[in-house]
Amino acid sequence: MDAAAHCLDLVRQHDKDRYLAVLFAPEETQPALAALAAFEIEIARVREVVREPMPGEIRLQWWRDVIDADAVSGHPVADTLVGAIARYRLPKPALIALIDAHGFDLYDDPMPSLTDLEGYAGETAGALFQLAAIVLADGKDPGTGSRAGHAGVAFTIARVLQALPLASSRGQVFLPADVLARHGVDVADIRAGRMTPGLAAALREMREHAEHHLARVGDIASSIPPAVVPAFLPLAGLPALLRRLARSKDDPLHTQTETPALARIWRMWRIARRARRRA
C-alpha cells in the first residue's frame, strides 16, 4: 500500500465523515485531503497510545519538527502531508497550531471555558476545514476562513457530545467548566458516569451552541464556493446528529449516538449535486 492509500485507509477507519467527503472531491486532490485528515487523526489519537503526558509531548514535537523542516521521514502520513504542504502552499503555522491545541488532550484537566473550547475547535477542526478548502482552491485562499471557524466549533461540539461515553471512561472532560458550573454540575459525577439533571441542562446548552455556529456557516451548497464544497461536507450529518442527541432517551454518558451511514451519504450527495449546479 502506497503512502496516499495508507492515509485514505486510515481516514476510512477512524473518521467516516471525512472519508466520505474526500471521495466527493476531485480525484487529483484526494491524496492531499486524505493526508490532512489522517494527520489530524494521528495527532488526536496520541492520547490513546501513550500512558503519560511526556511521551505524548515527545510525539507531538516529532510532528512539529517534520512539518517545520519539510523532512521526509518514512512515515506515510507525514510524507504525504509534506508533499501536500509543498504542492498547495499550505500554511505551516496552522498545522503547528493544530498540534499545539491537541496538547490539551494529553491531560485530564477540564476545558476551562466555552471560549477556550471555541479556540480549541478553531485551531483543530476549523483549521482542517480551511486547509481542505485551500487544497480544493489549488493553493489559493477561497475566502472561507470565517465559515471554517464556525464549522469547526459546530463540528467539535457535536463530536464532544457524541464521544462523551469514551471521554468520561478515560476521565477526560471536554465540556467547558463555566457551562458545567452554570448548571451546578460536579466534574466528579461525569468521571464516575453519573447522569444528573444539571448535566442534561449543560448538554442542551452545548447542543444549542453547536446549532448556533452551524447556522453561521449557512447552507453549504449555496454559501460556500462550489469548488470547495467537499471540504465542508463533513458537516452534512451534523443537523441530524444534533437532533438525535436531543431526542435520545439513552444515557449519553454510556451510549454513543450515531447517524446511519446511508443517511450521511445521501445528505452529502444532495449537497454536492446542488453545489455542482451552481458551478
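Residues are numbered from 1 along each chain as its sequence is written, and side-chain values use heavy atoms, with hydrogens and water left out. Because the model is predicted, local features need pLDDT of at least 70 and side-chain atom pairs count only at pLDDT 80 or more, while totals for chains, interfaces and linings use all residues.

**Salt bridges**

The whole structure holds 13 salt bridges (a side-chain nitrogen of Lys or Arg within 4 Å of a carboxyl oxygen of Asp or Glu).

| Pair | N to O distance |
|---|---|
| Glu 42 and Arg 45 | 3.7 Å |
| Asp 138 and Arg 87 | 3.0 Å |
| Arg 182 and Glu 205 | 2.5 Å |

Arg 182 lies in helix α11 (residues 177-182) and Glu 205 in helix α13 (residues 197-217), so their bridge ties together parts 23 residues apart in sequence. Helices here are DSSP runs of H or I with at least four residues, numbered from the N terminus. Arg 182 is partly exposed, at 49% relative accessible area; the classes are buried under 20%, exposed over 50% and partly exposed in between, with a 1.4 Å probe and protein chains only.

The bridge between Asp 138 and Arg 87 has a side-chain separation of 3.0 Å, N to O. Asp 138 is in the loop between α8 (114-136) and α9, whereas Arg 87 is in helix α6 (residues 76-88), so this pair ties together parts that are 51 residues apart in sequence. Both partners are partly exposed, Asp 138 at 34% and Arg 87 at 44%.

In the remaining tabulated pair, Glu 42 is buried at 13% and Arg 45 is partly exposed at 24%. Apart from these pairs, a network of salt bridges links Asp 15, Asp 17, Arg 18, Arg 159 and Arg 264.

Thr 156 sits in helix α9 (residues 145-162) and is buried, with 8% relative accessibility. Beyond its neighbours within four places in sequence, Thr 156 is in contact (heavy atoms within 4.5 Å) with Leu 117, Tyr 120, Ala 121, Thr 124 and Ala 125.

His 209 belongs to helix α13 and is also buried, at 18%. Not counting residues up to four places away in sequence, His 209 touches Leu 114, Glu 118, Val 153 and Ile 157.

Helix α3 (residues 30-44) has 15 residues and reaches 21 Å from its first C-alpha to its last, close to the expected 21 Å; the expected span is 1.5 Å times one less than the number of residues. Of the 15 residues of α3, 13 are buried, so the helix is largely enclosed by the rest of the structure.

**The largest pocket**

The largest pocket holds about 980 Å³ of space. On a 1 Å grid over the protein atoms alone, a pocket is an open set of points where a 1.4 Å probe fits, with protein on both sides within 12 Å along at least five of seven lines, and lining residues have an atom within 4 Å of a point. The volume is the space filled by probe spheres set on the points, which are joined across faces, edges and corners.

The lining has 31 residues, and Ala 44, Glu 48, Arg 159, Ala 163 and Leu 166 lie nearest the pocket's centre. Helix α9 gives the most to this lining, with five residues. The lining divides into ten nonpolar, eight polar and 13 charged residues, where Ala, Val, Leu, Ile, Met, Phe, Trp, Tyr, Cys and Pro count as nonpolar, Asp, Glu, Lys and Arg as charged, and the others, Gly among them, as polar.

Notes: Helices (H or I, at least four residues) and strands (E, at least two) are DSSP runs, numbered from the N terminus.
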